[in-house]
Structure formats: C-alpha cells, structure tokens
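Trainee: I have a chain open on my screen and would like to talk it through with you. Can we start with the overall picture and then go into details?

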Amino acid sequence: MIIRVATNSDILELGKLYTDSVLHLAPQYYSDQQVQMWASFPSQRESFAKFILEPTTFIIQEAETILGFSGIANEGHIASVYVHYNYLRKKIGSRLLATVLEYAQSNKIKRLYAEASEFSKPLFAKFGFEIYATEQVERNGVLFERYLVQKFN
C-alpha cells in the first residue's frame, strides 16, 4: 500500500469512492433524503474538486485501486475521511487519519477539527478527538446534524 497526495486526475475516482461509501454506510444512520443529497456531492464537479484539492488530500492505494482518502487544510480543518466500503475494518481509515495527524505535527498545526458523521465519530474518538458541539446544516433543503470534534497537538 502507498499513501500519496491527490491530484486533479484522481477527482473522478475519488467521487465514485465518495458516493459508493455514502450509499453503502449512511442508510444505517440517515434518512433516504439525507443519503441521496450527501451522495450526490461529486456531481457538483467544481465544488467536489475544491473539496479534494484545496486541502492536502492523502490517498491510500494498493496497486491501482484507491482504498480511501483524507484531507487536511493548513489551519487544521480535517475536510474528509472516506474509505471504500469494501475495505472497512482493515485499518485504512486509521492509516489515513494517522497520516493527517503526522502532517499536522510536521506543519506545527496546533488545533485539528472536523465535522464528524455518525459513522466517522468512532474513528475520530479513537484518535483522541473530543466532541465540543453538534450543529445542524442545510444542504439544498435537507437538514443534517453533525458532530464538531477537535484535538489539540
């Protein structure tokens, strides 16, 4: 397995991984309307490309297969942690989050924070992130509740 930084040529494959992961995992926790709205984000090509390329997004892959990705912005915002559903429970998410934490430490980022979903919350907790609030956000008329988590280096 290798870990590398995402490039523009990865956007389509990352979009498919994102959508597939949401469609597979989210129905356990979210309504059909929420799942469909969340899973459709990659169809907004320009916004999704910014979501991937504006932070430093790390990809973990084996041979030519991308298994997951995680992005961190310079101010410490963890923008994403997504693992392909066929590779869940194989420590892919942990390896990605550990890579993001190493990046933060080497770049002297003191506060790390993210918006965690029901299914990413345990991963963040495993790495010492604490919930400091919940918030409701609206996406095209669909409300989502998410956990605001943080960790200090």
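Mentor: We will go from the fold as a whole to a few of its residues.

Mentor: Please keep in mind throughout that this is a predicted model.

Trainee: Okay, how many helices and strands are there in the chain?

Mentor: The chain holds five helices and seven strands, and, read from the N terminus, the elements follow one another as β-α-α-α-β-β-β-α-β-α-β-β.

Trainee: What share of the contacts comes from residues 24 or more positions apart?

Mentor: Among contacts with a separation of 6 or more, 61% are between residues 24 or more positions apart.

Trainee: Switching to the aromatics, how many pairs turn up in the whole structure?

Mentor: The search of the whole structure gives 15 aromatic pairs. One of them joins Y18 and F51 in an edge-to-face arrangement, with 6.0 Å from centre to centre and 85° between the planes.

Trainee: Which parts of the chain does that pair tie together?

Mentor: Y18 belongs to helix α1 (residues 11-25) and F51 to helix α3 (residues 45-53), so the pair ties together parts that lie 33 residues apart in sequence.

Trainee: Are Y18 and F51 buried or exposed?

Mentor: Both Y18 and F51 are buried, and they also belong to a cluster in which ring pairs link Y18, F41, F48, F51, F69 and Y82.

Trainee: Moving on to α2, which of its residues are buried?

Mentor: In helix α2, which covers residues 32-39, the buried residues are Q34, V35, M37, W38 and A39. The elements that these buried residues pack against are α1, β4, β6 (130-139) and β7 (142-152).

Trainee: I clicked on L143, so where does L143 lie, and what is it in contact with?

Mentor: L143 is part of strand β7, and at 46% relative accessibility it counts as partly exposed. If its neighbours within four places in sequence are left aside, L143 is in contact with Q34, Q136, V137 and E138. L143 also lies 9.4 Å from Q33, C-alpha to C-alpha, although the two are 110 residues apart in sequence.

Trainee: Where do R89 and K91 lie, then?

Mentor: R89 is in the loop between β4 (78-83) and α4 (92-106), and K91 is likewise in the loop between β4 and α4.

Trainee: Is R89 buried or exposed, and how about K91?

Mentor: R89 is exposed, with a relative accessible area of 83%, and K91 is exposed as well, with a relative accessible area of 58%.

Note on methods
Residues numbered from 1 in each chain as written. Predicted model: local features only at pLDDT ≥ 70, side-chain atom pairs only at ≥ 80, totals over all residues. Heavy atoms only, no water. Helix = DSSP H or I, 4+ residues; strand = E, 2+ residues; numbered from the N terminus. Contact = heavy atoms within 4.5 Å. Buried < 20%, exposed > 50% of the residue type's maximum accessible area, 1.4 Å probe, protein only. Phe/Tyr/Trp six-rings, centres within 6.5 Å; stacked < 30°, edge-to-face > 60°.
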